[in-house]
Amino acid sequence: MDNVVKQKSGNFVVVLLFLIGFLLLFRSSSFSSPLLIHKSSSLDTNNTIESVLAKASMENKTVIVTFINKAYAEQDVNGDTTMFDLFLSSFWLGEDTRSLVDHLLVVAVDQTAYDRCRFFRLNCFKLETDDNGVDFGGEKVFMSADFIKMMWRRTLFLLQVLKRGYSFIFTDADVMWLRNPFTRLSNDTNEDLQISTDRYLRNPRSEKHDINTGFYFVRSNNKTISLFETWYSKKDNSTGQKEQDVLQDLIRHGITRQLGVRVRFMDTLYFSGFCQNSKDFRAVTTVHANCCRSITAKIADLEAVLRDWKRFKMLEASKSNLTNTVGWSNHHECGKSWKN
């Protein structure tokens, strides 16, 4: 009789332990479900600037940085894509660009943009701002007061990246990456700043260029940190100017020569935009929706850019004669954006 009781007690203990183990296993698996990963990952308490830079960095402490807000990350009620979607699509469609996403740091200036970034499992950083009363989430029309404030906040963040010893490519999210830009950037370590231009003047050293801070590469060193500090210090004395205008004025007045910063102004044959198209599909590396005023217009014309690129790749693969069959579509919507 005693043996029967002991056997039943033993069986009860085994069943109880089995149930406890099952419940623990169920709880653990529920937290790893795909639907809950998105929710829990957006609450990452270790999301510091140091941790995301280290995660995104290449071996040589170089990162790719872009900024997005709600207007870039969320679809318009009448739209079927976003600027951010197009930006990421270009990495998929480009030549030797897919792996570069691992080194992309997406800086989100509002919660919607941050959540969208986390959904794609990218390297994301939520930027906290001190600009009371400024909503960085909505569309910032070119040269509006909020647009200018957001550009200066971006400059300050990038200065912090340099101070932490990281070199970087900064890219606007309205830049399509069609080829790996590192193959076109100078490998000369004496080149401190390589910056895109609206129109190329056939001289990579000419300070007469109209620069574009929507795409540039900067090496972290004492000279470039001093340049960015000087640049940002002009923020409160530049009424009516965006940060790009201020940097251009500084360059034209000799700041880079004074600091010993060596600058290369990049050829639009490779680093092109709507201001000046690249003349060669075989050479083009990036296409920037510059000279355009609204997000809606940029999206429409960048969709055309990606269609043109896919058509070129298809013809190239078929070994067709590309001379008279490939060209960039007109940037109609961006042209009209200045009239609205």
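This is a predicted model: local features need pLDDT of at least 70, side-chain atom pairs count only at pLDDT 80 or more; totals for chains, interfaces and linings use all residues.

Reader: Okay. How many helices and strands are there in the protein?
Author: The protein has 12 helices and 10 strands.

Reader: How much of the protein counts as buried?
Author: Of its 340 residues, 47% count as buried.

Reader: Let's go inside. Which residues in the largest nonpolar core touch the most other members?
Author: That core has 50 residues. The ones touching the most other members are Ile 68, Phe 87, Met 176, Trp 177, Leu 178, Val 287 and Leu 302.

Reader: Which helices and strands each supply at least two residues of this core?
Author: The helices are α4 (70-73), α5 (83-93), α6 (111-119) and α11 (295-317). The strands are β1 (62-68), β2 (104-108), β5 (175-177) and β7 (211-218).

Reader: Where does the largest share of this core come from?
Author: From α11, with nine residues.

Reader: Back to Phe 87. What is Phe 87 in contact with, leaving aside its neighbours within four places in sequence?
Author: Phe 87 contacts Thr 66, Leu 104, Thr 171, Asp 172, Ala 173, Val 175, Met 176 and Trp 177.

Reader: What other core lies apart from the largest one?
Author: There is another core of 41 residues. Its members include Val 107, Leu 193, Ile 195 and Phe 265.

Reader: Why would nonpolar residues group like that?
Author: In soluble globular proteins, nonpolar side chains tend to be buried together.

Reader: New topic: helix pairs. At what angle do α5 and α11 pack?
Author: At about 15°, with their axes 10 Å apart. Angles under 35 degrees count as roughly parallel, so α5 is roughly parallel to α11.

Reader: Is the crossing left-handed or right-handed?
Author: α5 passes α11 in a left-handed crossing.

Reader: Which residues meet there?
Author: From α5 come Met 83, Leu 86, Ser 89, Ser 90 and Leu 93. They meet Ile 295, Lys 298, Ile 299, Leu 302, Glu 303, Leu 306, Trp 309 and Lys 310 in α11. The residues of this contact divide into eight nonpolar, two polar and three charged.

Reader: And α8 with α9, what angle is that?
Author: About 120°. α8 covers residues 222-233, α9 covers residues 243-252, and their axes are 10 Å apart. That angle makes α8 oblique to α9. The crossing of α8 and α9 is right-handed.

Reader: Who touches whom in that pair?
Author: Leu 227, Thr 230 and Trp 231 in α8 meet Glu 243, Val 246, Leu 247 and Leu 250 in α9. The contact of α8 with α9 divides into five nonpolar residues, one polar and one charged.

Reader: How many of the residues of α9 are buried?
Author: Seven of the 10, so α9 is largely enclosed by the rest of the structure. Among the buried ones are Glu 243, Gln 244 and Gln 248.

Reader: What comes just after α9?
Author: Gly 254, with a positive phi of about 95°.

Reader: Which residues have a positive phi without being a glycine?
Author: Asp 96 is one of them, at about 60°. Asp 96 sits in the loop between α5 and β2. With 52% relative accessibility, Asp 96 counts as exposed. Cys 291 also has a positive phi, of about 50°. Cys 291 is in the loop between β10 (286-288) and α11, and it counts as partly exposed at 34% relative accessibility.

Reader: Last stop: Tyr 270. Where is the place of Tyr 270?
Author: Tyr 270 is in the loop between β8 (263-265) and β9 (271-273). It counts as partly exposed, at 24% relative accessibility. Not counting residues up to four places away in sequence, Tyr 270 touches Arg 184, Ala 283, Val 284, Thr 285 and Thr 286.

Reader: What separates the C-alpha atoms of Tyr 270 and Thr 285?
Author: A distance of 5.0 Å, although the two are 15 residues apart along the chain.

Note on methods:
Residues are numbered from 1 along each chain as its sequence is written. Side-chain values use heavy atoms; hydrogens and water are left out. Axes are lines fitted to C-alpha atoms, for helices over the stretch in contact, and angles run from 0 to 180 degrees between N-to-C directions. Helices (H or I, at least four residues) and strands (E, at least two) are DSSP runs, numbered from the N terminus. Angles under 35 degrees count as roughly parallel, over 145 as roughly antiparallel, 65 to 115 as roughly perpendicular and the rest as oblique. A crossing is left-handed if the near helix is turned anticlockwise from the far one by less than a right angle, and right-handed if clockwise. Contact means heavy atoms within 4.5 Å. Ala, Val, Leu, Ile, Met, Phe, Trp, Tyr, Cys and Pro count as nonpolar, Asp, Glu, Lys and Arg as charged, and the others, Gly among them, as polar. Buried means under 20% relative accessible area, exposed over 50%, partly exposed in between (1.4 Å probe, protein chains only). A nonpolar core is a set of buried Ala, Val, Leu, Ile, Met, Phe, Trp, Tyr and Cys residues joined through side-chain atoms within 4.5 Å.
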